[in-house]
Amino acid sequence: MTETLTETSKLTERVRASLQACGVAAEAYGDDHDSFSPLTGERLATLRSSTPEEIDGAIAAAHEAFKTWRNVPAPERGNVVKRWGELLTEHKQDLANIVQAEAGKITSEALGEVQEMIDICDFAVGQSRMLYGKTMPSERPGHRLMETWHPLGVVGVISAFNFPVAVYSWNTALALIAGDTVVWKPSGMTMLSALAADALLARAVAESEAPKDIHQLVVANREGGQKLVTDPRVALVSATGSVRMGREISPQVAERFGRVILELGGNNGAIITPSADLDLALRGIVFSAVGTAGQRCTSMRRLFVHESVVDQLTEKLVAAYGTLSIGSPLEEKNLVGPLINEGSFQAMQQALSDAQAQGGTVLTGGKRVLADETPNAYYVEPAIVRMPGQSKVVHEETFAPILYVMTYSDLDEAIEMHNAVPQGLSSAIFTQDQGEAERFISASGSDCGIANVNIGTSGAEIGGAFGGEKETGGGRESGSDSWKAYMRQATNTVNYSGKLPLAQGVEFI
Ligand code: NAD
């Protein structure tokens with residue numbers, strides 16, 4: 001008991017020191033919003049929630065700052081993001097400490113999350129010089145036809161607990177270079193990580209000539225998020241979280257003709273063909289299924305294995321799961337940290353019991369561990385469940401480390417089973433047959449926003465567009481031309497002919 005208490009206070013001390021190093025202001029602390037650590041269940045800090053008036057004020061301030069910011073040249077806007085990236089690099093360990101304590105990630109994944117922020121800052125800085133519009137040939141003589149891209153306004157960012165800062169930075173780095181301002185409503189469970197990321201951005205802004213109100217943070221639960229969703233001054237709502245949340249907010253934003261980027265739940269699958277390199281597949285599967293304790297939107301949850309290799313692969317998988325060390329992410333040896341809270345643990349138990357009722361067999365895992373040492377934290381053994389086929393439970397996203405294994409005999413059948421779920425985020429095939437690989441990523445292959453070959457479903461790079469189809473919401477963030485979602489497109493026709501010919505040969509006056 002004494003040992004637990006000592007470790008408990010060490011974690012809190014480390015988080016507080018990291019918050020201070022990132023520059024989180026003393027005024028952030030208060031008495032009505034607790035932040036708990038899933039590592040131990042301890043309370044890390046208590047914050048002051050934003051009042052409805054403060055949330056309204058944050059939107060108003062961002063709306064006002066937009067009027068100046070939109071006229072700042074984009075490469076100059078990029079300089080603020082560049083400085084943010086430098087500060088994130090300087091405080092990478094501090095921010096990772098807070099992410100680890102609040103979201104329960106192992107050290108390399110927490111550091112990886114901050115690296116992803118640094119990467120998107122680099123990307124956005126380059127993009128600030130590449131907000132290209134096309135010039136098209138006009139059908140009329142003496143006319144120029146072109147497109148220009150302009151800032152949208154205030155972007156409301158609503159984010160999930162499992163990527164407490166990276167997804168925010170994907171949105172914010174691009175929104176800022178695009179000339180938008182940002183109001184952020186982070187997950188209520190990871191407010192300390194948010195405060196630290198925002199404090200670093202505040203420093204970058206303070207060192208520049210940018211209006212200080214271009215970024216705003218509100219400390220609130222979903223009711224606070226509702227204000228962003230319904231306020232017409234918020235031009236774009238970029239929301240990351242469950243399908244349930246997307247279903248609630250999407251019609252609300254549509255009603256006022258606002259724009260949305262929805263990044264919702266996944267139910268990611270992989271197909272293992274007879275030609276696959278099974279050792280490589282094994283590593284890809286284990287990382288995707290078990291990383292972040294199965295709490296990534298891209299976590300692998302369904303495996304379709306050719307019947308000729310299923311026994312061999314499941315044997316290897318069960319053996320690999322047996323070697324995973326589970327426990328506090330503060331210890332380097334541990335690869336599997338805690339679930340976020342008791343609710344997640346209950347949801348996992350329910351899914352395992354449903355799977356068994358629907359004919360599944362648990363091959364390994366599923367039990368809670370370390371309950372005596374950390375009674376208020378929820379560490380679980382990742383589970384593998386052999387399923388007879390596509391039962392109901394396999395169609396649902398359970399945000400915990402459960403991998404359902406199913407078999408197939410024909411690739412078309414495997415692709416059909418793979419696509420038969422409502423979500424469409426990430427997918428993979430493991431094969432050494434080029435034809436099979438091409439088939440999987442073709443128009444009639446995987447229906448997901450991400451379709452990989454010979455790597456797992458998780459661990460995307462920021463250079464590609466990130467997002468998914470169907471109930472995952474259709475949004476795209478991060479790389480490629482995702483920047484366009486943060487801007488509005490104008491088509492300009494410039495007539496330098498001195499005459500007024502009409503399009504399509506129409507004659508008028
Ligand atoms: P959640 O839906 O419970 O909450 C997400 C965010 O939405 C939180 O900030 C929450 O306060 C807010 N929110 C919820 N309902 C709201 C409402 N009606 N109005 C305004 N705001 C509202 O999700 P979570 O448990 O934090 O995260 C896990 C889920 O997020 C999983 O389903 C996961 O797949 C998904 N996720 C998706 C992606 C992606 O890019 N597709 C990335 C990360 C997480």
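Leaving out neighbours within four places in sequence, Leu-88 is in contact (heavy atoms within 4.5 Å) with Leu-95, Val-114, Met-117, Ile-118, Cys-121 and Leu-200. The model is predicted, so local features need pLDDT of at least 70 and side-chain atom pairs count only at pLDDT 80 or more, while totals for chains, interfaces and linings use all residues. Residues are numbered from 1 along each chain as its sequence is written, and side-chain values use heavy atoms, without hydrogens and water.

Leu-88 belongs to the largest nonpolar core, which has 79 residues. A nonpolar core is a set of buried Ala, Val, Leu, Ile, Met, Phe, Trp, Tyr and Cys residues joined through side-chain atoms within 4.5 Å; buried means under 20% relative accessible area (1.4 Å probe, protein chains only). Trp-84, Leu-88, Leu-95, Met-117, Trp-184, Leu-192 and Tyr-486 touch the most other members. Helix α7, residues 191-206, gives the most to this core, with 11 residues; a helix here is a DSSP run of H or I, at least four residues long, numbered from the N terminus. This core lies between domain 1 (3-264 + 473-489) and domain 2 (268-461), because both give residues to it. The domain bounds come from an automatic or database domain assignment. A second, separate core has 53 residues, among them Ala-281, Ala-289, Ala-293 and Val-394.

Key:
Buried means under 20% relative accessible area, exposed over 50%, partly exposed in between (1.4 Å probe, protein chains only). Helices (H or I, at least four residues) and strands (E, at least two) are DSSP runs, numbered from the N terminus.
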